[in-house]
Amino acid sequence: MKLRANLIIGGALFALAILVGLLAPWLAHTDPVLDANLMNAEEPPSWTWWFGTDDQGRDIYSRVVYGARVSLTVGIVSQLINSVIGVALGLSAGYWGGWWDDVVNGLTNLMLAIPSLIFALAIMAVLGPGLTSLLIALGLTNWSFTCRIARASALSLRSQGYVQAATVLGYGDLRIMITQLLPNMLGPIIVIGTLGMGSAVLSEAALSFLGLGVRPPFPSWGSMLSDARDQITTAPWLSVFPGLAIFLTVLGLNLLGDGLRDILDPQSRSRRS
Amino acid sequence: MTGVPLIEVEDLRIDLDDGSRRVAAAEGISFRIDRGETFGLVGESGCGKSITALALIGLLRQPLSIGSGVIRFEGREIQHLSAAKQRELRGNRIAMIFQEPMTALNPVSPVGRQIAEMFVLHKGKSWREANQLAVEALASVRVPAPERRVKDYPHQLSGGMRQRVMIAIALACGPDLLIADEPTTALDVTVQAEIIELMRNLCAERGTAILMISHDLGLVANVCRRVAVMYAGRIVEERGSADVFRSPSHPYTQGLVASLPRLGSRAALGRTRLKEIAGVVPAITAFPDGCRFNPRCAQATGICRTVAPVADLLEAGGLVRCHHHA
């Protein structure tokens, strides 16, 4: 039953984060950007201001609620792009081998050698700031681990009896990759994916901090953390609440990934029942 | 048994490329299997029987390749067919079951889906129809409660059940030839007998020819009408399976038959040592000149060490490759 607990808690946390993002207009007390009032600047958390207010008098609670939209969009979409690229390259490289494997390996090593944040920075510099370029930049720079895992799994799965059996039964290469190899490597890919979502949320924060993310007045958890850095001693609630939001989201994602892995592995499923 | 044989192999040579040179892992392989016939290929590990089967279905991979020879399926040469054309044959016209039912099924896919996929792949059925056909296929291999079993994953089935599922997959598209590579080695003896019986009956019903590959002479003789014995990459004797036991011609076959344990032999003859064939199989790179069996053969003479024997036709039918055959 312990195995189900992480799935439920993780799923609940992640679902909560998504719900908050979706329902932001109804959950927020004030407009996150426009309702600035210097009369209320730097109020500590209270019944009126649940999470306190910042130096321009904006409601932190409302900003955290709206920030979920940016952070989750970036986390989910960019990691999906990464997973698709990583799996497509790694799976085909591991299965086909030969010169294609060499090419993919070289590319992966190149990506691992360049710090992904620096690479993302370079892409952002070319594309200019904004949500779309953020998704592209983070989606193209973090697939190397997924690729490695997919390649390693494909290499070991390739020699499995059922993959050879599928060849003998007349399956084509693509069908073998999709029906035989992919489902068998999904577990680790999902776990890497959830971790990747967490790190994408953090990368988004870093890029926003450097002014390359979402444009400043509009909130994302990352940019809120960055803004709050100077006031961490005088107004700690400015960092605590967005930080907590990031923490809970990433925790939820990791628990969810663990739980999903348990479900997707039929052997652990029968052990439990 | 007239007309074009189902599959015909002529002077097949399989090369092993070990980097610097090519050596023949098997050569001079010739046999034919007629429609609905049962044919056995017997030999010890490494004699080339499994790679011969792989050559038939076009799945030799580096470092192995077909060096020369012809493989005809229904009179059509298939060794140079394109990958796509070969794929149409595999699973559809020529199917294969394996030694390890434990690993030959995809662990993350329900068995029903794996059977159904064959109908989708080769017969262009919709998944809906295919799932229905999968239940019928599972029923035909006598799996109880097939409509429930199709949802099971391979690890939920016993070894015997898994091999039944493999047979269902292999026979799904009604192939003309079923290649069975050591189909029962991983199973215990009582299950072995059931599986063999099932395979034989299903193939007889549908007119599917069987090419059975095994090291177990007794098993092959039991299932197959004709048997070819391979040694060190060559077929040394090919006979009707009853004749192999009654009057083996090649010294190697004689040795194999003599080394089979017989039930009750201890009571009749007292405690005796099981007969064995002295020596070991030579490595592929170091096959001896002449007859490859000569270093282990009690009857070997000068000619055996220099000249490779040709296949002699026997009066009783069959052929043997020995200078001194009976």
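Strands (E, at least two residues) and helices (H or I, at least four) are DSSP runs numbered from the N terminus.

Some housekeeping. This is a predicted model, where local features need pLDDT of at least 70 and side-chain atom pairs count only at pLDDT 80 or more, while totals for chains, interfaces and linings use all residues. Residues are numbered from 1 along each chain as its sequence is written, and chains are lettered from A and ligands numbered from 1 in the order in which they are written.

Now the sheet around E6(B). It is open, has eight strands with mixed pairing, and runs in the order E6-E7-E8-E3-E9-E10-E12-E11 in chain B. E6(B) and strand E11 (312–313) of chain B are at the edges with a single partner strand each, so one side of each has no neighbour in the sheet. Two strands pair if DSSP finds at least two bridges between them.

E6(B) pairs with strand E7 (residues 177–181) of chain B in the parallel sense, over four bridges. Opposite Ala95(B) is Leu178(B) of E7(B). E7(B) in turn pairs with E8(B), also parallel, over five bridges, and here Leu177(B) stands opposite Ala209(B).

What about strand E8 (residues 209–214) of chain B, buried or exposed? Six of its six residues are buried, so E8(B) is largely enclosed by the rest of the structure. Ala209(B), Leu211(B) and Ile213(B) point one way, and Ile210(B), Met212(B) and Ser214(B) point the other. Strand E3 (residues 38–42) of chain B pairs with E8(B) in the parallel sense over five bridges; Val42(B) has Ser214(B) as its bridge partner there.

Next, chain B as a whole. The chain holds twelve helices and twelve strands. Its radius of gyration is 21 Å, close to the 20 Å that the globule rule gives for 326 residues, so chain B is as compact as a globular protein of that length. The radius is taken over C-alpha atoms, and the rule is 2.2 Å times the number of residues to the power 0.38. Of the 326 residues in chain B, 43% are buried.

On to the contact between the chains, where 26 residues come from chain B and 17 residues from chain A. Contact means C-beta atoms, placed from the backbone, within 7 Å. On the side of chain B that touches chain A, helix H2 (83–89), strand E6 (94–97) and helix H3 (111–123) of chain B each supply at least two residues. The largest share, four residues, comes from H3(B).

Last, helix H3 (residues 60–96) of chain A. Its 37 residues reach 52 Å from first C-alpha to last, close to the expected 54 Å, the expected span being 1.5 Å times one less than the number of residues. Buried residues account for 28 of the 37, so H3(A) is largely enclosed by the rest of the structure. Just after H3(A), Gly97(A) takes a positive phi of about 65 degrees.

Conventions: Two residues are in contact if their C-beta atoms, placed from the backbone, lie within 7 Å. A residue is buried if 20 or more other C-beta atoms lie within 10 Å of its own, exposed if 12 or fewer, and partly exposed in between; C-beta atoms are placed from the backbone.
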